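This report covers a sheet, the helices packed with it, and the core they share. The model comes first, then a short account of each part.

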Amino acid sequence: MKKVVSIALFGERYTEYAKYLPAFVRAHLNIFPDWKLIIHCDRRYDPPFIHRFYATGLVSIVTRDPAMLCTSMLWRMSPVFPGFAEDAEYVFCRDIDSLPMPRDRAAMEWFINSGATTHTIHDNEMHV
């Protein structure tokens with residue numbers, strides 16, 4: 001069963017959010033060691049550290065043409081749709097500034113075992 005966590009880096013505050021990436025990848029590898037991490041990245045921003053993660057096989061990188069804010073946010077949904085390179089059975093979209101935690105893994109595993117079609121975790125008041 002292939003499980004994916006999908007995140008996106010884009011927009012005017014890209015460099016601010018990119019600072020979270022090293023910690024996010026380390027946390028992901030500890031909490032979700034058997035899950036694929038896909039980083040969707042605006043091609044205008046190409047920091048070398050992302051390629052170091054990719055070169056070690058720790059992540060997949062999908063570079064994208066610049067897009068409007070809502071479109072960029074939806075990049076992380078692309079593994080859900082047919083034709084995407086990753087053949088994922090479960091896709092969880094996460095915010096780069098929300099560090100993966102064991103309770104996230106527990107909630108995601110609960111969802112997988114539930115047989116439900118969709119799942120939402122509201123971990124920030126701004127997202128409600």
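## Terms and model

Helices and strands here are DSSP runs, numbered from the N terminus; a helix has at least four residues. Just after helix H5, Gly115 takes a positive phi of about 80°. The model is a predicted one.

## The sheet

Four strands make an open sheet. Their order is S3-S2-S1-S4, and the pairing is parallel. Strand S3 (60-64) and strand S4 (90-93) are the edges. Each of these two pairs on one side only. From one strand to the next, the twist averages 25°.

S2 and S3 run parallel and are joined by five bridges. Asp42 has its bridge partner in S3, namely Arg64. Helix H3 lies across S1, S2 and S3. Its direction is about 140° to that of S3.

## The nonpolar core

The largest nonpolar core holds 23 residues. Leu21 and Leu37 have the most contacts inside this core. Six elements each supply at least two of its residues: strand S1 (3-9), helix H1 (14-18), helix H2 (21-31), strand S2 (36-42), helix H3 (48-55) and helix H5 (102-114). H2 gives the most, with four residues.

Which residues does Leu37 touch, leaving aside those up to four places away in sequence? The list is Val5, Ile7, Phe24, Val25, His28, Leu58, Val59 and Ser60.

## Helix H5

H5 is 13 residues long. From its first C-alpha to its last, H5 reaches 18 Å. That is close to the 18 Å expected at 1.5 Å a residue.

Four residues of H5 are buried: Asp104, Met108, Phe111 and Ile112. Why do they lie on the same side of H5? They lie there because they cover an arc of only 100° around the axis. The general rule is that an α-helix has 3.6 residues a turn, so residues three or four places apart point the same way. S1 and S4 are among what covers the buried residues of H5.

The face of H5 turned away from its buried side carries exposed residues. These are Pro102, Arg103, Trp110 and Asn113.

## In brief

Key. Residues numbered from 1 in each chain as written. Predicted model: local features only at pLDDT ≥ 70, side-chain atom pairs only at ≥ 80, totals over all residues. Heavy atoms only, no water. Core = buried A, V, L, I, M, F, W, Y, C linked by side-chain atoms within 4.5 Å. Buried < 20%, exposed > 50% of the residue type's maximum accessible area, 1.4 Å probe, protein only. Contact = heavy atoms within 4.5 Å. Pairing = 2+ DSSP bridges. Axes fitted to C-alpha atoms, helices over the stretch in contact; angles between N-to-C directions. Expected span 1.5 Å × (residues − 1). Arc of directions from axis to C-beta.
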